[in-house]
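Subject: Structure for your files

Hello,

I am passing on the structure we spoke about, with notes on what turned up in it. Please read the notes with the model open.

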Amino acid sequence: MSRPTVAITMGDASGIGPEIIMKALALPEVLALCRPLVVGDAGRLREAGRIVGSALAVQAITSPEEAVDAPGTVACIDLALIPPGHPFGRVSPVSGEAAFRYIARAVEIVQAGEAAAICTAPLSKEALHAAGHRYPGHTELLAELTGTPEVSMMLVSPKLRVIHVTTHIGLIDAIARIEPGLVGRVIGRAHDTLVKAGIADPRIGVCAINPHAGENGLFGRGEEAEKIAPAVEACRAKGWRVEGPLPADTLFFLAGRGDYDIVVAMYHDQGHGPIKVLGLEAGVNVTVGLPVIRTSVDHGTAFDIAGTGVADAGSLVEALRQAVDLAPRAGALAPRRAV
């Protein structure tokens, strides 16, 4: 089977993105999975390579067809936006602007059929905002760049999948935004994604908002009956295996032991908490609903350890695996020169 080309964005250059990329791309199992194409800054990757003690050579290129596909070489679409000696571990508008530009270039590459998927290293929302790009995160940025009106965040670990109805907004605002139409569309995206991934009849569990799923009006203000139950009933009418709204604490236990293929979480921390308890190194972020495949590490820029060489590349390796699993196999491979 041909290895799909995956465009890997470098993320915030002041964070751990460059380091984990150089660590991950030194692993033979990663090169066996895909043809990595970094979109970032060649000079910063070389600096990160020295920090982590990597022997990889970085090839600076301007277009995917120039890339050499060979062990020991990292091909990098070099936007040359990071000055030499740029500090690690600090919020910087320079790094924020660069992170935005890396994403924009990667989208162009995938939309042109020169790569099959995008895998993103972490960016800093604060740095992105300091550079004038007012997006809550990668998910919303990618949606605008691809002209997609609505997407969902899905987190994947070896034991659990979670898709979110709302993400980067406050809890009060999230509850106000939740309504049956939105919940139904998210359930639909979950169902379609798992069917495409080979699960013919996925089992979907839908979280409640309130403790004990409201316990028949004892907790909350009837949100389960008003905002969630109609969507579940509509999806069940399509013949889908959907259950809910269920108490989140019970549902995550059941899903963790294998009773459900995916959990629909109502808000950010409801879904992120259980995934992160299972281990940041194993979690992968997938943006569902885009016209391009996008996976990401499920951790941040880790400014506190950036530039020290100790960052773990495990989540990036898992994100690359997910990108390969989801990537189309025909018509989306970049032309590459073998050596």
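Predicted model: local features only at pLDDT ≥ 70, side-chain atom pairs only at ≥ 80, totals over all residues.

Residues are numbered from 1 along each chain as its sequence is written, and side-chain values use heavy atoms, with hydrogens and water left out.

Largest pocket

The largest pocket holds about 420 Å³ of space. A pocket here is an open set of points on a 1 Å grid over the protein atoms alone, where a 1.4 Å probe fits, with protein on both sides within 12 Å along at least five of seven lines; lining residues have an atom within 4 Å of a point. The volume is the space filled by probe spheres set on the points, which are joined across faces, edges and corners. There are 21 lining residues, and T193, K196, G289, L290 and I293 are the closest to the pocket centre. At least two lining residues each come from helix 8 (180–196), strand 12 (284–288), strand 13 (293–297) and helix 12 (314–326). Helices (H or I, at least four residues) and strands (E, at least two) are DSSP runs, numbered from the N terminus. Helix 8 gives the largest share of the lining, 5 residues. By class, the lining has 12 nonpolar, 4 polar and 5 charged residues; Ala, Val, Leu, Ile, Met, Phe, Trp, Tyr, Cys and Pro count as nonpolar, Asp, Glu, Lys and Arg as charged, and the others, Gly among them, as polar.

Helix pairs

Helix 8 also packs against helix 9 (residues 223–236), at an angle of about 45° and with the axes 8 Å apart. Axes are lines fitted to C-alpha atoms, for helices over the stretch in contact, and angles run from 0 to 180 degrees between N-to-C directions. Helix 8 is therefore oblique to helix 9 (under 35 degrees is roughly parallel, over 145 roughly antiparallel, 65 to 115 roughly perpendicular and the rest oblique). On the helix 8 side, P180, V183, G184 and I187 meet E226, K227, I228, P230, A231, V232 and C235 of helix 9, contact meaning heavy atoms within 4.5 Å. These residues divide into 8 nonpolar, 1 polar and 2 charged.

Helix 4 (residues 93–111) and helix 6 (residues 138–145) pack at about 45°, with their axes 10 Å apart, so helix 4 is oblique to helix 6. F100, I103, A104 and V107 of helix 4 meet H138, L141, L142 and L145 of helix 6. That contact has 7 nonpolar, 1 polar and no charged residues.

For helix 1 (residues 17–24) and helix 3 (residues 42–52), the angle is about 70° and the axes are 8 Å apart, which means that helix 1 is roughly perpendicular to helix 3. P18, E19, I21, M22 and K23 of helix 1 make the contact with R44, L45, A48, G49, I51 and V52 of helix 3. By class, that contact has 7 nonpolar, 1 polar and 3 charged residues.

Backbone

G244 and P245 are joined by a cis peptide bond, with omega about -5°; P245 lies in strand 10 (residues 241–246). A213 is not a glycine, yet has a positive phi of about 55°. A213 sits in the loop between strand 9 (203–207) and helix 9.

Regards
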